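Me: I would like to go through this structure with you. Could we begin with a local detail and then move on to the overall picture?

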Amino acid sequence: VTRKDVQNFIDRKSETIVPGITSTSPSVDEERVMLTPIRRMIADNMVISSNSIPQAWSSVEVDVTGLVLKREKAKEGFKNTTGVKLTYFPFIVKAVAESLRENILLNSSWSGDAILIKRRVNIGVAVATPTGLMVPVIHDADTHTVAELSKILDRLANRAREGELELKDVKGGTFTLNNTGALGSVISRPLVSPPQAAILATDLVVKRAVVIDDAIGIRSIMNLSITFDHRILDGADVSKFMNALSERLEDVGPETELH
């Protein structure tokens, strides 16, 4: 037995091994930050997602110039009458909800020997909070107007950031939306939230030079990125949904109704 053998034994004893995790004592150059319950829950859920779901991914570009014009035209009056800031997100939630209603396989979950189609469209919305990521749920999102969705989103986001969400606010999600564009991302690849079939990320709206009828024009473009459970969905299913969603968003214009 050499001195090196003894030191190696001491070093190994200082480590606590957990399946998938190696926990070590911090060195003088490190600080140990204990996991909060929320962070532990997120970590466990993402490990399940990564290990148990065969995930595929796709991204499309959407011309949202009309949506940008609509928001610019309506945001001041909307803020004055409702007290809520009008963003692009309620338009997206409405378009997603309607597209899910048409493409019900994306509004489902895996159940071992069956696929469970959900009758209600309940969209979970990822919200960054000081204590970690929260996903409050807009229940029956397909039954609400853009104005109603804007108010619901504002209320849920505030409650999430203030730690005031109730159990009913986070239960029953059938599909998840992640607005990574609010953080400056231009393309994303989120992980599916089990047992849901898919998750959609909406990225930053940026101006780009695009070809329109053999001419160059400046348009507002947004990437939509979807990750899906390949046990439930094939590329054709997802493409049909993404085409329906893109058409709805590109149809938004200055005269689109909010109510």
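**The β10–β11 loop and beyond**

Reply: P195 is located in the loop between β10 and β11. Please note that this is a predicted model.

Me: Which residue is joined to P195 by a cis peptide bond, and what is omega there?

Reply: The partner is P194; omega of the cis peptide bond between P194 and P195 is about 5°.

Me: Where does I187 lie?

Reply: I187 lies in the loop between β10, residues 175-178, and β11, residues 198-202.

Me: Is I187 buried, partly exposed or exposed?

Reply: I187 counts as partly exposed, because its relative accessibility is 46%. I187 also belongs to a nonpolar patch on the surface, together with W57, V186 and L204. The accessible area of these residues together is about 320 Å².

Me: Let us turn to β10 itself. Which way do its side chains point?

Reply: F175 and L177 point one way from β10, while T176 and N178 point the other way. All of these residues are buried. In a regular strand, side chains alternate between the two faces of the sheet.

Me: What does β10 pair with?

Reply: Strand β6, residues 123-125, runs parallel to β10 and is joined to it by three bridges. β10 and β11 are likewise parallel, with three bridges between them. L177 stands opposite V125, and L177 also stands opposite L200 in β11.

Me: Which residues touch the most other members of the largest nonpolar core?

Reply: They are V93, V96, I123, I138, L200, F241 and L249, in a core of 52 residues. In soluble globular proteins, nonpolar side chains tend to be buried together.

Me: What does I123 touch, leaving out residues up to four places away in sequence?

Reply: I123 touches V93, V96, A97, L100, P136, V137, I138, A141, F175 and L177. Of these, F175 and L177 are the β10 residues that point one way from that strand.

Me: Changing topic: how are β12 and β13 arranged?

Reply: Strand β12, residues 206-212, and strand β13, residues 215-229, run antiparallel and are joined by seven bridges. The bridge partner of K207 in β13 is S220.

Me: Are D213 and D214 buried or exposed?

Reply: D213 is exposed, because its relative accessible area is 76%. D214 counts as exposed because its relative accessibility is 79%. The cut-off for exposed is over 50%.

Me: Where is R219, and what does R219 touch?

Reply: R219 is found in strand β13. Not counting residues up to four places away in sequence, R219 touches D63, T65, V206, K207, R208, V210 and I212. With a relative accessibility of 27%, R219 counts as partly exposed.

Me: What separates R219 from V62?

Reply: Their C-alpha atoms are separated by 9.9 Å, and the two residues are 157 residues apart along the chain.

Me: And which element holds R161?

Reply: R161 lies in helix α5, residues 146-161. R161 counts as partly exposed because its relative accessibility is 47%. R161 touches V127, A128, T129 and P130, not counting residues up to four places away in sequence. The C-alpha atoms of R161 and E31, 130 residues apart along the chain, are separated by 26 Å.

Me: Finally, what are the overall figures for the protein?

Reply: Its secondary structure comes to seven helices and 13 strands. The C-alpha trace spans about 80 × 45 × 45 Å along its principal axes. The protein has 259 residues, and buried residues make up 39% of them.

Me: What share of the contacts joins residues at least 24 apart?

Reply: The share is 62% among contacts between residues at least 6 apart in sequence.

Terms used
Residues are numbered from 1 along each chain as its sequence is written. This is a predicted model: local features need pLDDT of at least 70, side-chain atom pairs count only at pLDDT 80 or more; totals for chains, interfaces and linings use all residues. Side-chain values use heavy atoms; hydrogens and water are left out. Helices (H or I, at least four residues) and strands (E, at least two) are DSSP runs, numbered from the N terminus. Buried means under 20% relative accessible area, exposed over 50%, partly exposed in between (1.4 Å probe, protein chains only). Contact means heavy atoms within 4.5 Å. A nonpolar core is a set of buried Ala, Val, Leu, Ile, Met, Phe, Trp, Tyr and Cys residues joined through side-chain atoms within 4.5 Å. Two strands pair if DSSP finds at least two bridges between them. Patches are made of residues with over 30% relative accessible area and no salt bridge: like charges are joined within 9 Å, nonpolar side chains (Val, Leu, Ile, Met, Phe, Trp, Tyr) within 5 Å. Accessible areas come from the Shrake-Rupley method with a 1.4 Å probe; for residues, only the protein chains shown count as cover. A salt bridge is a side-chain nitrogen of Lys or Arg within 4 Å of a carboxyl oxygen of Asp or Glu.
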